[in-house]
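Hi,

Here is the structure I promised to pass on.

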Amino acid sequence: MRKLTNEEREKQSRMPILAMTKEFVEQNRGYFCIPGHRFERGMNPALREQYGEGLFRYDLTETDHLDDLHHAEGPILEAQQLAAQLFGSDRCFFLVNGTTCGNEAMILTAVSPGEKILIARNAHKSVTMGLILSGAVPVWMEPEMDEEWGFAGEILPETVERHLKEQPDCKAVFLVSPTYYGTCSDLRKIGEVCHRHGVPLLVDEAHGSHLYFHSSCPEGAMEAGADACVQSTHKTLGSLTQTSMLHMQGTLLDQERMDENLKLVMSTSPSYVFMAAMDAARQQMAMEGEVLLDRALRLADRLRHAVSSMHGYRLLQGKRLDPLRVVISGKPMGLTGEELQGLLFQKGRISLEMADPVSVVLVLTWGNTEAEISYLIEVLRLIQEEQTAGTFEDRKQIFKLNSVRPGAELADQLDLYRRRSKWNEEFRSAEIKHTAKLPSPEVVLSPRDAYYAKKESVPMENAAGRIAGELIAPYPPGIPAVCPGERLTDALIRYLKDCAARNCRLHGPADETLETIRVLR
């Protein structure tokens with residue numbers, strides 16, 4: 001974590017976009033351009049009452065004295081330069097289409113049609129979109145699998161080294177760090193491997209924009225020497241949904257080409273509210289980032305300490321983990337992650353970032369409160385008590401078991417219920433390990449060629465051996481199980497059916513029930 005000098009702090013205290021829009025609104029005497037709502041005056045009164053008038057007043061467009069994101073010369077350029085200085089990059093681009101467009105632009109900049117790019121298999125589905133747009137060919141590398149928790153974790157430097165030696169014509173390396181579960185790869189060593197081979201390291205750092213502001217956090221991508229990264233400013237800093245930043249450094253990537261590619265994939269009507277929010281989030285981190293992260297870390301430590309004292313739960317632990325991401329499993333009580341998520345919402349109206357067959361993921365920031373943590377702990381404890389003692393909820397579960405004899409003692413019923421729960425837990429664990437070990441499918445065609453090929457829908461059970469014509473990504477976290485152009489296997493089909501049976505949200509398939517799948521003719 002870099003400390004700012006007094007001169008740097010003075011510069012970072014500015015919010016040029018916020019100041020620009022404030023001055024414009026205060027001085028404007030007539031507005032005859034888009035958007036149509038004319039500040040707050042033309043908005044639906046119900047929306048104004050719900051959201052307040054101030055937000056709409058600053059929803060502006062490129063007009064006199066307001067600068068232009070796609071040709072920044074004034075306050076927007078200054079705001080991006082301040083962000084680059086703070087995060088330690090050579091250049092920063094503000095993104096109003098989220099990290100998705102940043103991932104697409106990085107791939108478009110690093111590789112051309114037909115060229116290979118080495119990609120971690122746990123990459124977000126937006127990477128597949130970038131492959132379709134660019135015409136590049138993916139070479140997949142497998143992350144380390146956590147057998148106990150059933151998810152893909154870090155990419156090892158030796159994995160990158162091996163693949164680059166086997167595929168010396170790869171033009172770039174792309175990976176995700178941190179992952180949805182907070183696992184961080186050793187980006188410094190991976191960057192050294194990439195640069196020895198003369199290729200840039202691209203990092204999807206969507207969940208890591210906060211890493212730069214506290215010494216207790218793993219090293220950020222720019223600090224570690226990555227050539228480019230994209231951060232979702234809205235995910236872990238105080239910005240608005242859909243706002244992100246793309247950072248570049250070094251000479252392995254062409255900055256002007258990146259600028260051109262961003263214009264290709266990003267809206268030509270960027271939101272000034274979004275840009276001002278990024279500017280303000282950057283200023284907040286520069287001025288008090290360490291103090292705010294201290295507060296968030298204390299909350300996370302308190303939650304972990306409380307959960308570790310409840311014998312019905314387990315916590316994800318290990319090195320190079322984002323300390324503000326708390327991953328909890330209810331496996332000791334026979335609960336899947338989806339079941340635990342459902343109970344937390346049902347009993348406490350508590351919303352979580354995501355759930356999978358093993359665990360739930362919670363993201364903490366300084367915006368959380370002590371009261372929230374206390375309430376969460378209380379509800380977790382209530383769930384633990386109900387799952388491990390003879391409560392009314394237990395009785396309902398017990399009497400669903402056909403083999404329980406009417407009139408049996410509650411203790412006997414509980415014993416049978418728990419043994420059944422243990423069996424269910426072991427069964428689920430075996431299934432999770434099986435699906436987590438699925439190898440990357442064979443790439444037969446580039447995603448772009450498959451995307452434009454003629455397709456047909458076939459029953460899922462008859463699809464083994466066919467070439468996928470669509471992307472299927474359980475969401476969250478949005479990691480593709482299959483991409484266009486890959487050969488379907490029996491194991492992959494079983495995994496997809498399991499996702500459908502668990503009512504996973506699936507992005508990409510034409511048939512969300514997965515009774516059929518689109519394949520190439």
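The protein chain has 19 helices and 17 strands. Keep in mind that this is a predicted model. The radius of gyration comes to 25 Å, which agrees with the value near 24 Å that a compact globule of 521 residues would have. Along the principal axes, the C-alpha trace spans about 80 × 55 × 45 Å. Buried residues account for 53% of the chain, and the accessible surface is about 23600 Å², with 49% of that belonging to carbon and sulfur atoms. Looking at contacts between residues at least 6 apart in sequence, 70% of them join residues at least 24 apart.

Now the loop between helix 2 (16–27) and helix 3 (45–51), where His 37 is found. His 37 is buried, at 12% relative accessible area, and its side chain makes a polar contact with the side chain of Asp 59 at 2.9 Å. Beyond four places in sequence, His 37 is in contact with Gly 42, Met 43, Phe 56 and Asp 59.

Asp 67 sits in the loop between helix 4 (54–57) and helix 5 and counts as buried, at 14% relative accessibility.

The buried residues in helix 5 are Ile 76, Ala 79, Gln 80, Leu 82, Ala 83, Ala 84, Leu 86 and Phe 87. Just after helix 5 comes Gly 88, with a positive phi of about 80°.

Next, helix 8 (residues 157–166). Which of its residues are buried? They are Pro 157, Thr 159, Val 160, Glu 161, His 163 and Leu 164. Their cover includes strand 2 (116–120), strand 3 (137–141), strand 6 (170–176) and helix 9 (187–196).

Strand 2 is where Ile 117 lies. Ile 117 is buried, with a relative accessible area of 0%. Setting aside neighbours within four places in sequence, its contacts include Ile 107, Val 111, Leu 131, Val 137, Val 139, Cys 170, Ala 172, Phe 174 and Leu 202. Between the C-alpha atoms of Ile 117 and Thr 183, 66 residues apart along the chain, the separation is 22 Å.

Thr 183 is in the loop between strand 6 and helix 9 and is buried at 10% relative accessibility. Not counting residues up to four places away in sequence, Thr 183 touches Phe 151, Gly 153, Glu 154, Ser 177, Pro 178, Arg 320 and Leu 321. Two of those names come up again: a cis peptide bond joins Ser 177 and Pro 178, with omega about 0°. Pro 178 is in the loop between strand 6 and helix 9.

Pro 178 also turns up beside Gly 208, which touches Pro 178 and Thr 236 once residues up to four places away in sequence are left out. Gly 208 is in the loop between strand 7 (201–204) and helix 10 (221–224), and at 0% relative accessibility it counts as buried. From Gly 208 to Thr 233 is 25 residues in sequence, and 8.7 Å in space, C-alpha to C-alpha.

Last, the cysteines. How many disulfides are there? With a cut-off of 2.5 Å between cysteine sulfur atoms, the count comes to zero. Take Cys 170: its closest cysteine sulfur is in Cys 194, 10 Å away, so that pair is too far apart for a bond. For Cys 229 the closest cysteine sulfur is in Cys 92, and 8.9 Å is likewise too far for a bond. Both are buried: Cys 170 has 3% relative accessibility, and Cys 229 has 0%.

Cheers

Methods:
Residues are numbered from 1 along each chain as its sequence is written. Side-chain values use heavy atoms; hydrogens and water are left out. Helices (H or I, at least four residues) and strands (E, at least two) are DSSP runs, numbered from the N terminus. Buried means under 20% relative accessible area, exposed over 50%, partly exposed in between (1.4 Å probe, protein chains only). A polar contact is a pair of N or O atoms within 3.5 Å; within protein, one must be able to donate a hydrogen and the other to accept it, and residues adjacent in sequence count only if both atoms are side-chain atoms. Contact means heavy atoms within 4.5 Å. The radius of gyration is taken over C-alpha atoms; the globule rule is 2.2 Å times the number of residues to the power 0.38. Accessible areas come from the Shrake-Rupley method with a 1.4 Å probe; for residues, only the protein chains shown count as cover.
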